[in-house]
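Keep the structure open beside you as you read.

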Amino acid sequence: MTKDGGGTDLIPGLDALPGAAAPRPGRSGKSAAAGKKAPGKKGARSPAAELPVARIAVDMSLPHLDRPFDYLVPAELDAKAVPGCRVRVRFAGQLVDGFLLERVAESGHGGKLLFLERVTSPEPVLAPEIVALVREVADRYAGTFADVLRLAVPPRHARVEAEPVEDAAPALPEAPDAGVWREYPAGASFLGALAAGRAPRAVWTALPGPDWTAAIARAVAAALSGGRGALVVVADGRDVARIDEALEAELGEGLHVALTAELGPAERYRRWLAVLRGKARAVVGTRAAMFAPVADLGLVVLWDDGDDVHAEPHAPYPHPRDVLALRAHRSGAGALIGGFTRTTDATQLVETGWAHALAADRNRVRATMPRVRYVGEDAQLARDAAARTARLPNVAFEAARQALESGPVLVQVPRRGYVPGIACGRCRTPARCQTCQGPLALASSHAAPYCGWCGHIAGDWHCPECGFFQVRAVVVGAKRTAEELGRAFPGVPVRTSGREAVLDRVGPERALVVATPGAEPQAESGYPAALLLDGWVLLGRPDLRAGEETLRRWMNAASLVRPQGPVIVAAEGALPAVQALVRWDPVTFAERELAERGEVGFPPAARMASLTASPAAIRELLADTRLPDGAEVLGPVPVPQAGAEAKERERALIRVPRAAGNVLARALKEAQGVRSARKATETVRVQIDPLELI
């Protein structure tokens, strides 16, 4: 049981750390005594005098080989072969990379052991606590140690490793005062607990506005003042830059580093080494930073945990929320999971007692929140007949006109591009590509339709149902919206921010800023108003998280608006997500969502695994899997594939009670090992608790 309430089953993987796997007979093996050769033989190698056996994690992702292997340490490599270093070994007749996990006196294997071929680098890049974390994450997500290790340790740069290391380190900060945390009733006590070396865990519902970066920086300073390190994970490089700026203002230079992919391999590795060597005590980065080897970890922070950018695209697909929770539990560190809204997963942590809620009182929320109005209810449509079909009804136009007098206006559009979806102008049949049956779209007002899957130009498209050749827009993108607004507001500059070009900030001058969700730039002194268009596109997605994700995107955009500034959302006012936005009450919405999912057995109230492969491969894996009691197999169902030559693929879901999640992951991993040992030609993609279930 944890000190702050709740048991180890609250977060998957919080049970006792598994011990080192007992060595098993392998293809490469030999006892320490058998490693000695005749001293007079040419080229003879002798094992090290002390601790001659090294346990090596070989860079091999085959599930049935997911265990350490024993090798002999030659005497000439005795000083270099330290735990955590990179090595090269001969495995199955090939030279492969690996990491030396530990050195022991004897091997439990009575066969023949091979010698290490060489030590690639004597730098101990794999700390023992990271080894335990990698093993735990691999087991929790039904993956292999090697796959997780590739995510945890960046590739080596010999030139960077050889650079001189500065001995001097900046002094740690003193315990800070509460600062912006005074806005929250429990904020000062949370900071005090961090500074005192305790491990408070909180799910933080942040007030709207830009102060969230300063609040995180102040929490990091509190953890560092107690002599411990801190790790902050955010969704993208723009948020990293904002936190980096706030940390520099709070801590000064030298105490923290920022880790992003944009740095380049050499600079990223240089900064990662600074963390490993204890020169940098705090780290801020994107999802890859969740494994950063911070010494004496005292605080983990995850901002906007509902953002799907946090989802790792590489096997075994770990989520930073679970990884950081595991790290906090293992190291006795504090945890801060925050955002303007709240996810059902974070609500689960609060309701089980693993974390406490950290939020401002309602009076403070009302003083800082924008004034949200919705358009789409029957009364509004009766007053404004044009609003039945217009994407910008009269109330939105008036709000934009008035706000433009004092600064820029934010316009959020759910889709990028010009017209990402078209249909027949007469019968409204969706327009499909004749080559691959993919959806057709328009890149501009003068362009011919093109396929969003194969790129084929459909200049001679005719409707297969009625023969009509003209098309109409089904969904309007950001570019088309910018074009329409330019005509509606002549003389007002229109700026776009999306996938092709993301703006970081905009000035105080009047402008219309059209942005897709997640690409909204900050404005100096905040936006005087915001328009959230096409709410039906977000709410109508066939996704279990549609309502939760829509509210998150709306609140993230509305948080950029000045206090009491108008926000117009184009959606039906009776919908729960719209009502939560109007009241600025994401907590009640998340609690209701979690309760409803618990009634029907959906995550996070239950645990689920997704299996994606050909129908035959899924059948074979299910046949080899010893499912836990109470498991329910849903499907399989076909998975839509892009392109005419796409292979037939299906997806099956396995649902189990939350307490059986670890048992399910272990069973799937064992079944994957059976298929791997049989040398199955097709790999089944296994995802534990995937974000997308539909």
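Helices (H or I, at least four residues) and strands (E, at least two) here are DSSP runs, numbered from the N terminus. Counted that way, the protein has 19 helices and 28 strands. Bear in mind that this is a predicted model. Of its 694 residues, 53% are buried. If you take contacts between residues at least 6 apart in sequence, 74% of them join residues at least 24 apart.

Let's begin with strand S1 (residues 53-58), which pairs with S2 in the antiparallel sense over 4 bridges. S1 also pairs with strand S4 (residues 94-104), again antiparallel, this time over 6 bridges.

Which way do the residues of strand S2 (residues 69-72) point? Phe69 and Tyr71 go one way, Asp70 and Leu72 go the other, and all are buried.

S4 has another partner in strand S3 (residues 86-91), and these two are antiparallel over 6 bridges. One of the pairs to look for is Val89 with its bridge partner Val96 in S4. S3 and S4 make a hairpin with 2 residues between them, and Ala92 in the turn has a positive phi of about 55°.

| Strand pair | Sense | Bridges |
|---|---|---|
| S1 and S2 | antiparallel | 4 bridges |
| S1 and S4 | antiparallel | 6 bridges |
| S3 and S4 | antiparallel | 6 bridges |
| S19 and S21 | parallel | 4 bridges |
| S26 and S27 | antiparallel | 5 bridges |

**Two packed helices**

The crossing of the two is right-handed. On the H1 side, the contact is made by Ile130, Val131, Val134, Arg135, Val137 and Ala138, while H2 brings Phe145, Val148, Leu149 and Ala152. Sort the residues of this H1–H2 contact by class and you get 9 nonpolar, no polar and 1 charged.

**The parallel sheet**

Next up is an open sheet of 6 strands with parallel pairing, in the order S13-S24-S23-S14-S21-S19. Strand S13 (371-375) and strand S19 (494-497) sit at the edges with a single partner strand each, so one side of each has no neighbour in the sheet. From one strand to the next, the twist averages 20°.

At the S19 end, 4 bridges join S19 to strand S21 (residues 512-515), and the two run parallel. Ser497 stands opposite Ala515 in S21.

What lies across this sheet? Helix H12 (residues 394-404) lies across S13, strand S14 (409-412), S21, strand S23 (529-532) and S24, and runs at about 150° to S23. Helix H16 (residues 576-583) lies across S13, S23 and S24, at about 150° to S13.

Now zoom in on Pro566, a residue of strand S24 (residues 566-570). Leaving out residues up to four places away in sequence, Pro566 touches Arg371, Pro528, Ala529, Ala530 and Val561. Take Ala530: it is 36 residues from Pro566 along the chain, yet their C-alpha atoms are separated by 6.7 Å.

**A buried glutamine**

Is Gln522 buried or exposed? Gln522, which lies in strand S22 (residues 522-523), has a relative accessible area of 13%. Buried means under 20%, so Gln522 counts as buried. With residues up to four places away in sequence set aside, Gln522 touches Arg242, Asp504, Arg505, Val506, Tyr527 and Leu560.

**The antiparallel sheet**

Last stop: an open sheet of 4 strands in the order S26-S27-S25-S28, with antiparallel pairing. Its edge strands are strand S26 (632-638) and strand S28 (685-688), and each pairs on one side only. Neighbouring strands of this sheet are turned by 15° against each other on average, direction ignored.

S26 pairs with strand S27 (residues 650-657) in the antiparallel sense over 5 bridges. To find that pairing on screen, look for Glu632 and its bridge partner in S27, Arg655.

Key: Residues numbered from 1 in each chain as written. Predicted model: local features only at pLDDT ≥ 70, side-chain atom pairs only at ≥ 80, totals over all residues. Heavy atoms only, no water. Left-handed = near helix turned anticlockwise from the far one by under 90°. Contact = heavy atoms within 4.5 Å. Nonpolar A, V, L, I, M, F, W, Y, C, P; charged D, E, K, R; others polar. Pairing = 2+ DSSP bridges. Axes fitted to C-alpha atoms, helices over the stretch in contact; angles between N-to-C directions. Buried < 20%, exposed > 50% of the residue type's maximum accessible area, 1.4 Å probe, protein only.
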